Amino acid sequence: MPAAMIPAFRLTPLRCGLLLAAVAVAAFVWALASGPLTIPASHVLAGLFRPDALDPTERTVIHALRLPRALAAMLVGGGLAIAGCSFQAVLRNPLADPSFIGVSGGAAVAAAACLALLGSQAAGPLPAQALIGLAALLGGLASAALVLGIARVDGDPQPVTLLLAGLAVNAFAAGLLGLIAYAANDPTLRAITLWLFGSLGRAGWAELAIAAPLIIAAALQLWRDAPALNALLLGEAEAAHIGVDVAALKRRAIALGVVCTALAVAVAGVIGFIGLMVPHMLRMRLGPDHRALLPLSFLGGAALLGCADTVARLALQPTEVPVGIVCALLGAPFFLALLLRWRRSPDLA
Amino acid sequence: MLETCDLGHARHGHDLLAAVSQRFAPGRLHAVIGPNGAGKSTLLRLLAREWPATHGQVRLDKRPLTDWPAAELARRRALLPQQHGLAFAFSATEVVALGRLHARRRTPPAERAIVAAALDSAGAAHLAARRYPELSGGERARVQLARVLAQIWDEAEGPRYLLLDEPTAHLDLTFQHACLRLARAWAARGVGVIAVLHDPNLVLAYADEVSVLRGGRLFAHGEPRTILDPALMREVYGLATQRIDGSDGQRWLAVARD
């Protein structure tokens, strides 16, 4: 059928949001229903609102295992996507993603070191999950500060220097991670390796309780800054003329992006591609207005990682594939196919 | 009133602008001319607070520019830059709406009406739905002009200022004159317009007063017809020119061939 005969469907931000929300809900129900023990979707829906409607096994499986993991998958996916979107806006570079300025590398090294040193013991009053989150946060902030500091000339980060400094910091981080893995004993090694490829296997209620409030607060604050981020796309001087405090906005947006990324890394390890792919796909269809782009990126990342994690759990039962591998294997070809279709889009000029 | 007091700006130990004391009255079209590197854009950037003064100061309503909150300043003055780089695919309407970031809030229909009116007065109404990166250089310049007008569209607590850095650079002949007529209309409504221009004939035709910069210093200032003459053109530009008086009272400076 020729394209002209298909009735025109204009994808507005609202329609896109409804579509993504529907996918996210479906992914959520799918994640709760599937696994070694298949639970009918009707039970899942009933059990969410009335836990005593389920038999004890189903209740345990849903409430102790699948529910926190499904929520963590969506939180991490949303956090990575919105972080990617904010880095792309602040650096005005469509290549930027959470690994671009070394954030995920730095966060991963710090969190892995913490994991290797502690195992899973608590240190003093803090549970291990909080320490790993804190370490990831500090590691992410430190590498972002390092990369941005090196790339700064006359107060402005230079795009090429930024890219090179980010690559160097990531390579260094990969070396450190290798060293930690090399020195670690067997169970820790397995934990670190699994986590390097990205896995939600460790995500439980404790991880969620630490990461969820911070990621959601950071995402909401980024959304509040959407009009100023739009103005920033005109150029830093122009944004300042319109009345944006550019230096403060850049600091805030980068710090909030680092918070989202580092906590996502602390929960699920390094999952690439979502932060680059989701905002790009949305921008190509809907344009660059961050008032729509930021929340839709969050929804899109949540829907995508929600689906990908269930695929990761089901693909090679009884073991599971790290979800980072699923994202790369499914995401990259899909993204390339989209690029092929939309390569004339002005956003890619 | 926007005024500078012994204003100077040095970069890397080199004076880009020095010792400029000048008042820019509202309601007048004030032209700034001078050879390349004379400090015209530097002056505009200092007036807009894009760059800090390294010597002296700029005052708006007797209050140093550095003391103004960003949002309040944004309602009082807007700057049209020379370059119009924007790689992201906003529509022309969206670009103009960006200028309204700190404007006093109105209802969405009223906002849309202002954006449309700004596009219309910049001669860009027909570009409203086009994507910015697909526009030609001259079309982009008109959309950016509309954005700057939208920024200071509303009456403010004091006189507004429109700073134009080579507004005619990318425009065809018709729109060069349309742009300066628009600047005159805004000046007639009490807005202070300060425009960097290159063509002395545009200055003679449209400006109320002119500042001539040379080597980062104010060389001359006054009414265009009294100071723009062959002697000044030779002194500042090293060019031989001939003065031509039209029968309608219009005056031109024609550059001699040798």
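Which residue forms a salt bridge with B:Glu50, and how far apart are the closest N and O atoms? The partner is B:Arg45, and the gap is 3.4 Å. This pair and the other close-ups below come from a predicted model.

**Figure 1. A salt bridge in chain B joins B:Glu50 and B:Arg45.** The closest N and O atoms of the two residues are 3.4 Å apart. B:Glu50 has a relative accessible area of 25%, so B:Glu50 is partly exposed. B:Arg45 is partly exposed as well, at 27% relative accessibility. Side chains of opposite charge can pair when their charged atoms come close.

**Figure 2. B:Arg251 and B:Asp245 pair through their side chains.** The salt bridge spans 2.8 Å from N to O. Is B:Arg251 buried or exposed? With a relative accessible area of 12%, B:Arg251 is buried. B:Asp245 counts as partly exposed, at 43% relative accessibility.

**Figure 3. Four residues of chain B are linked in a salt-bridge network.** The members are B:Glu3, B:Arg23, B:Arg59 and B:Lys62. Over all chains, a search of the whole structure finds 22 salt bridges.

**Figure 4. A salt bridge links A:Arg69 with A:Asp309.** Their side chains meet at 2.9 Å, N to O. Where do the two residues lie? A:Arg69 is in helix H3 (residues 56–90) of chain A, and A:Asp309 is in helix H13 (residues 290–315) of chain A. The pair therefore ties together parts that are 240 residues apart in sequence. A:Arg69 and A:Asp309 are both buried.

**Figure 5. Helices H5 and H11 of chain A pack at an angle of about 135 degrees.** H5(A) covers residues 128–150, and H11(A) covers residues 246–268. Their axes are 8 Å apart. The two helices are therefore oblique to each other. Their crossing is right-handed. From H5(A), the contact includes A:Ile132, A:Gly133, A:Ala136 and A:Leu137. Further along H5(A) come A:Gly140, A:Leu141, A:Ala144 and A:Leu148. From H11(A), these meet A:Ile254, A:Val258, A:Val259, A:Ala262, A:Leu263 and A:Ala266. How do the residues of the contact of H5(A) with H11(A) divide? The contact has 12 nonpolar residues, 2 polar and no charged.

**Figure 6. Helices H1 and H2 of chain A pack at an angle of about 100 degrees.** H1(A) runs over residues 13–33, and H2(A) over residues 41–49. Their axes are 9 Å apart. H1(A) and H2(A) are therefore roughly perpendicular to each other. On the H1(A) side, the contact is made by A:Phe28, A:Val29, A:Leu32 and A:Ala33. On the H2(A) side, it is made by A:Ala41, A:Val44, A:Leu45 and A:Leu48. The count for this contact is 8 nonpolar, no polar and no charged.

**Figure 7. A:Gly17 sits in helix H1 of chain A.** A:Gly17 counts as buried, at 13% relative accessibility. Leaving aside neighbours within four places in sequence, which residues are in contact with A:Gly17? They are A:Leu296 and A:Leu299. A:Ala226 is 209 residues from A:Gly17 in sequence, and the two C-alpha atoms are 17 Å apart in space.

**Figure 8. B:Glu111 lies in helix H4 of chain B.** This helix covers residues 108–121. B:Glu111 has a relative accessible area of 12%, so B:Glu111 is buried. Neighbours within four places in sequence are left aside here. B:Glu111 is then in contact with B:Arg100, B:Arg104, B:Arg105 and B:Arg106.

**Figure 9. A cis peptide bond runs from A:Gln317 to A:Pro318.** Its omega is near 5 degrees. A:Pro318 is found in the loop between H13 and helix H14 (323–342) of chain A.

**Figure 10. B:Arg49 has a positive phi although it is not a glycine.** The value is about 65 degrees. B:Arg49 is in the loop between helix H1 (40–47) and strand S4 (55–60) of chain B. At a relative accessible area of 28%, B:Arg49 is partly exposed.

**Figure 11. B:Asp61 is a residue other than glycine with a positive phi.** Its phi is near 50 degrees. B:Asp61 lies in the loop between S4 and strand S5 (63–64) of chain B. B:Asp61 counts as partly exposed, at 32% relative accessibility.

Terms used. Residues are numbered from 1 along each chain as its sequence is written. Chains are lettered from A and ligands numbered from 1 in the order in which they are written. This is a predicted model: local features need pLDDT of at least 70, side-chain atom pairs count only at pLDDT 80 or more; totals for chains, interfaces and linings use all residues. Side-chain values use heavy atoms; hydrogens and water are left out. Axes are lines fitted to C-alpha atoms, for helices over the stretch in contact, and angles run from 0 to 180 degrees between N-to-C directions. Helices (H or I, at least four residues) and strands (E, at least two) are DSSP runs, numbered from the N terminus. Angles under 35 degrees count as roughly parallel, over 145 as roughly antiparallel, 65 to 115 as roughly perpendicular and the rest as oblique. A crossing is left-handed if the near helix is turned anticlockwise from the far one by less than a right angle, and right-handed if clockwise. Contact means heavy atoms within 4.5 Å. Ala, Val, Leu, Ile, Met, Phe, Trp, Tyr, Cys and Pro count as nonpolar, Asp, Glu, Lys and Arg as charged, and the others, Gly among them, as polar. Buried means under 20% relative accessible area, exposed over 50%, partly exposed in between (1.4 Å probe, protein chains only).
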